[in-house]
Amino acid sequence: MNAGLRTALALVLVAAGLALMVALYVERVRSPLQSTLTTSFQVLGTPVKLLDRAASRVVPVSALDERQLGDTIRARYDAQVIAGDADQAYLDALVKDLGSFTRKPFPYRAYAISYGPPNAMALPGGVILVTRTLLGTMRSESELIAVLAHELGHIERGHCFDAVRFQLLARKIHSDRLGALADAATQILLRHAYSKTTEDEADQYAYELVINSRYDPRGVGGSFGSLRQYQGSKSQTLQHADPIRDYFASHPPLEIREAQFTARASQWWKQHAAERRYVGQQNLVQRKALGALDLGDEWVSGPGRGVTMNWRSGRDSNPRPPA
Amino acid sequence: MEWLIAIGLIWLIVRTWGDKGRIKQLGERLRVVESRLNLAGRPDETSARRAAAATAAPINAPPVPPEPTPVRRAEPPAAHSAATPAAPIPTSTPSPRAPAAPSAFEERWRQLERLFMENWTGILGVAVVVAGVTFIGIYTALRLAPFYRFLMMVGVAALLGGTAFWLRRFEHWQALSEWLRSAAAAIFLFACAASGGLPGLGLQWIDAPGPALALLAVGISVNLYLSWASAVQTFAWLHVVLSMLPLAIVPQSDVSLGIASIVALFGVALSFRARWDQHLLIVIGAYVLYHVAWYLRLRHDLDVPSLRLFAAANAIAVFATAALVHYRKDYASQKPETWPLLVHISNWGMLGLSLFLYRPAASPMRVVVLVAAGVAAYALARRARQLGVRWLHVCDTLTGQALVVAGLANLYLVVINVQFIMLAIFLECLLFLRLVIDEGEDSLGRVGWFLTNCAAALFALGGLLAAAKDVALGNANALVLLVGAAAATAAHVHLARTHAGRLRVLQTGTFPAATMGWLVGAIAIIALVNLAVRSPADEVVTMETVALIAGAVLLLVSRAMMPAGLLAGSGAMVIAAHLISWWLLLQRMPWEPVPLAGHVVPLGVLAAAAIWLAGSSGLRQLSIYLAGIDLALAAYLFFNPVSPVMPCVAWLLLSMLALELANRIERPSAVSALLLGYGYVVAFVLAYALVVIQTQAYVGPLPARMLIELFALAVIAYWWFSQPREAVAQHSAWLQAHPFFLELGLIALAVTNVVEVQAQWRPLTWSLVALCLLVPPAVRRIDERLQLYSVIFFWASVANVALIMSTFESPSAHWYDRPDLMSLAAIALQVAYVAASHSRLSPAAAQFPGGLGALDALAKRIAARRNLWVYYPFFAGLAMFLFWRFDRSLLTLLWVVEAFAMFVLSAVLRENQFRHVALAGLAICVGRLLLVDLAEADLGLRGLIFLGVGLLMLGMNAIYNRYRARFQ
């Protein structure tokens with residue numbers, strides 16, 4: 001490279017860098033946390049996840065085997081369902097609406113369970129568990145949909161299958177425990193390396209699903225915000241990086257997830273200003289899905305017209321709209 | 001009973017008188033023996049005189065040198081001592097054989113034996129006599145009235161005294177006479193003291209204190225007279241000590257102390273007559289014991305200032321007088337003498353102890369007195385020097401110094417700031433060094449140098465402790481420390497310029513000549529620490545401003561005067577100023593721009609000044625690093641409050657700046673700038689991993705993170721393509737690190753792909769990157785290594801398609817989000833890569849930098865067996881993708897399509913092994929067609945599959961026949 005070209009390139013680069021700094025200054029670009037290594041570990045988990053997935057690809061089991069296992073689990077939870085349970089009915093309605101987005105051959109069903117803090121879990125074969133406290137923690141149906149979509153993502157993108165592949169294989173020779181042991185060993189060895197990666201995959205799935213649904217995409221970021229506010233001061237301890245803690249964290253920090261999907265939703269709204277999306281605060285309060293209760297004032301449009309949601313302390317209560 | 005005792009005493013006297021004749025006979029016999037001895041040895045000197053002289057010799061008197069022994073005598077010299085008159089009379093016949101010389105133990109034993117016999121037998125004898133009389137007195141106390149008992153004891157004393165007086169006429173009994181006289185004086189003193197009242201003895205017959213004291217004074221006077229009259233110091237100190245003994249027993253008052261002090265002064269005065277160091281030591285020791293006992297008994301009454309002052313005056317009078325004893329020409333000597341030195345030091349020590357006991361409570365006068373005493377001692381030392389008493393000169397100079405330091409240490413009564421006191425001590429030590437360095441006395445000079453350095457070190461250490469404790473005094477302490485540093489600098493420069501030769505002589509292993517320069521730096525550093533820990537509200541000027549001024553001055557002085565160690569000390573200060581400032585700035589984040597500038601700008605100027613003033617020393621390189629870190633930190637502190645990702649971009653720009661700078665300045669600074677540039681890149685990488693990668697905000701329609709990543713890729717590319725001057729390009733820092741910028745760029749590209757690109761698009765992007773890396777102009781312009789890395793990206797694409805995309809699901813309805821379509825697009829690109837690699841992939845020539853030997857081996861393996869490493873992974877991945885992605889009923893048909901493609905490829909590439917694999921695959925497909933599809937697929941689909949498979953097989957046959965030559 002001759003000196004002139006080099007100088008010109010240097011000037012261009014310096015100009016670009018200065019311009020970028022000005023842009024960052026104008027936009028006041030912030031990071032969700034002061035520092036963290038969870039995202040770096042999440043990226044480093046990608047090749048590990050690839051290797052783990054390779055093991056799933058060579059094991060001679062398929063989605064049909066997973067469904068059989070799911071049927072067993074489903075039967076157990078079906079037996080616990082109480083007729084007339086409003087929460088259960090609400091979840092059934094929501095999952096039915098979400099069924100159009102799924103590709104796996106599973107009869108998806110979400111079960112309302114009565115113990116534990118706000119949480120949701122995905123099990124093999126299309127079983128999702130949702131704690132009732134989660135229903136009280138979310139502030140709108142769009143947020144609850146985001147949570148359910150996240151769990152669907154775990155199942156649809158094979159994370160549950162990866163977790164039980166050896167058990168599924170062992171079932172064929174009627175030795176479930178041996179397989180479960182092999183799965184547990186694999187999980188212990190590798191889970192921390194890529195669990196944040198799989199969580200991010202499920203988050204991406206949830207966002208894609210919500211974007212393709214009738215719900216407000218801000219619900220995805222909002223669901224993480226609701227959980228973060230539920231945790232309260234506990235999340236303050238995560239402001240600075242800690243290599244050990246960040247490596248062993250099973251999920252990316254809620255702050256990052258909230259910031260990521262809030263920013264993406266804002267961008268989406270800028271590009272789709274004419275769209276109308278549903279929030280569903282009242283639907284969640286009344287435990288009636290959009291298909292059963294379509295309220296006009298729950299539809300929002302435009303980037304600046306999101307429904308204002310006031311957080312109220314209390315673990316099992318949803319915010320009430322003003323009279 | 002009394003009568004019986006009186007008779008007994010009379011009998012004793014008569015018996016003693018009756019023994020006179022017997023003693024006379026013994027004296028005659030002794031004379032005969034001595035005359036014989038004189039005949040045998042020294043006829044010109046009487047043995048009696050020698051015996052008397054030997055008996056009166058002091059304890060430490062050197063042994064009488066052995067007389068020249070005639071050849072015919074065989075006895076050892078000690079056998080002729082006059083103290084052993086009963087030695088065997090030598091025969092005139094010489095011994096046939098000389099006895100063996102006494103061993104060291106025997107010699108030592110004889111010396112001890114003679115010491116005991118010559119001195120302590122007399123002392124103990126007196127003690128035993130006094131005790132015996134005491135016992136008799138006690139016994140008679142039960143029988144006689146106290147006054148008669150007094151008379152009886154006086155009588156005994158008179159008897160002993162009379163005996164002593166009578167014996168003085170005889171030369172042989174001189175020593176016994178002296179002891180008896182001392183015993184008599186002691187008994188008389190005891191009787192006088194007991195008359196006024198010794199507790200429990202029953203000898204008191206005077207009740208009024210005045211007469212009792214007067215009688216005691218009489219007894220003391222008698223003893224002091226005898227002390228004065230004695231020609232030897234053993235008797236002299238004995239009477240002085242005896243005189244003090246009853247004073248210690250009687251009830252204490254200022255009068256008793258006064259009398260004791262007069263007695264001690266009298267004893268001290270006797271030392272002026274001759275070199276009576278033993279006497280002086282015992283007298284002042286006894287006085288100290290008395291004084292301590294007096295103090296302990298009256299300590300509760302010493303609240304009265306006049307009494308304390310009186311006691312102190314007594315002590316000063318005694319010890320000050322004693323201190324003057326050695327300032328006589330008698331003691332002139334160039335070598336230290338043990339006894340005088342011991343006595344002198346003890347005297348000073350006891351004076352110090354007394355002054356300590358009577359120090360005025362929290363009065364500044366204490367400082368004045370101690371300093372004045374120190375000055376006086378120093379003046380006395382000069383007097384000793386004039387008199388030629390070298391050891392005294394040294395001793396008193398050090399004593400004076402110790403007293404002045406002690407006085408300054410007591411400044412805490414006046415000054416609150418301890419650091420100021422330590423400064424005063426340090427300055428005094430500097431003054432002391434300056435005073436003694438010209439005197440030519442090396443020992444004092446060494447002590448002065450040692451003390452000065454110790455004081456400076458303690459001054460610095462005290463400042464450090466003050467920084468931890470007196471945060472509120474941060475400014476004041478810093479000011480004091482800076483004054484100390486300035487004084488030390490001035491003194492160091494002065495000494496280096498005027499006394500360099502002397503300093504070389506005086507420096508020690510612990511404190512070489514450069515120590516003062518180092519300590520100047522240390523003191524300045526601690527001043528900065530004091531400024532750093534103070535409350536921000538107390539910040540008159542920033543620590544960095546002070547550091548700039550102090551650092552610039554020190555560096556200027558270092559450059560101009562070049563005193564030893566000062567450049568190192570200055571450099572340490574500059575480094576410490578930066579470290580402290582960085583710590584301070586990071587601790588007090590976030591900053592407003594203006595206050596921050598007040599810290600950062602002086603710091604940067606300090607680093608720049610250090611670069612300029614450090615000359616060609618290592619400090620210059622170090623300062624370049626400091627300046628570089630200052631810039632990086634400033635960027636962080638200014639921009640982080642606005643946007644945490646801005647500093648990362650700034651660091652990338654700084655890395656370019658450092659690279660350009662390295663290309664324009666001379667070595668070794670160019671290398672430092674280059675390393676700084678590397679450091680900025682490393683800082684960016686760390687910041688990216690911690691901050692940038694988690695950032696989710698957008699700048700306009702684009703993610704801010706992606707913009708930063710693209711800019712970073714551009715900067716890394718700029719580094720890679722840079723070709724610096726030979727001076728830099730040939731340096732190991734460039735040769736070893738720069739080649740890795742290619743790998744750094746590719747890793748950055750891969751990370752950007754993972755972070756910014758959605759999962760379903762990644763196989764496509766991996767394939768695109770692989771293809772781009774294989775483009776000949778890229779390989780030619782960048783590096784041959786790109787070929788290997790293109791294979792790795794290709795593998796990533798294949799693995800993604802086979803393992804991830806094969807089961808990946810998306811809820812999106814858009815075509816561009818569908819994993820199957822994206823995977824097919826990626827497979828198309830993979831096919832393109834496979835085709836391109838057939839003619840372009842040749843990584844054998846790639847050269848990998850050190851540490852990447854494994855990649856080198858891999859490149860060679862790929863070059864040797866390209867089909868194994870490129871083609872078969874692709875075919876296997878494709879087969880797996882088809883297996884998992886599509887319906888099993890179509891699987892046979894899809895696999896046959898793949899086998900057909902391989903067959904065609906073998907014809908195109910003239911690779912027979914592909915044909916073999918294709919045929920093997922086809923065989924498997926046919927088997928599956930018959931075993932699986934025939935049983936499971938519905939009829940229509942079955943027909944379609946069979947049709948498709950058949951057509952493909954026919955196609956293969958046609959191709960084979962058409963291009964038979966290619967297959968051969």
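**Strand pairing, cores and the A–B contact**

Student: What makes β2(A) and β3(A) a pair of strands?

Tutor: 4 bridges join β2(A) to β3(A), residues 127–131, and the two run antiparallel. Two strands pair if DSSP finds at least two bridges between them, and 4 bridges meet that, so β2(A) and β3(A) are paired. Strands are DSSP runs of E with at least two residues, helices are runs of H or I with at least four, and both are numbered from the N terminus.

Tutor: This is a predicted model, in which local features need pLDDT of at least 70 and side-chain atom pairs count only at pLDDT 80 or more, while totals for chains, interfaces and linings use all residues. Residues are numbered from 1 along each chain as its sequence is written, chains are lettered from A and ligands numbered from 1 in the order in which they are written, and side-chain values use heavy atoms, leaving out hydrogens and water.

Student: Why are β1 and β2 of chain A said to stand at the edges?

Tutor: The open sheet of 3 strands has the order β1-β3-β2 in chain A, with mixed pairing. β1 (109–113) and β2 (120–123) each have a single partner strand, so one side of each is left without a neighbour in the sheet.

Student: What makes Glu660(B) and Arg6(A) a salt bridge?

Tutor: The definition asks for a side-chain nitrogen of Lys or Arg within 4 Å of a carboxyl oxygen of Asp or Glu. The closest N and O atoms here are 3.0 Å apart, so the pair qualifies. The count between chain A and chain B is 1 salt bridge.

Student: How is the area buried between chain A and chain B defined, and what is its value?

Tutor: Buried area is the accessible area (1.4 Å probe) that two parts lose on being put together, summed over both. For chain A and chain B this is about 4,800 Å², with carbon and sulfur atoms giving 66%. The contact (heavy atoms within 4.5 Å) takes 51 residues from chain A and 59 residues from chain B.

Student: Why is the set that includes Leu24(A) and Trp719(B) called a nonpolar core?

Tutor: A nonpolar core is a set of buried Ala, Val, Leu, Ile, Met, Phe, Trp, Tyr and Cys residues joined through side-chain atoms within 4.5 Å, where buried means under 20% relative accessible area, exposed over 50%, and partly exposed in between (1.4 Å probe, protein chains only). The largest such core has 122 residues, and Leu24(A), Leu674(B), Trp719(B) and Tyr833(B) have the most contacts inside it. Helix α31 (785–805) of chain B gives the largest share, 13 residues.
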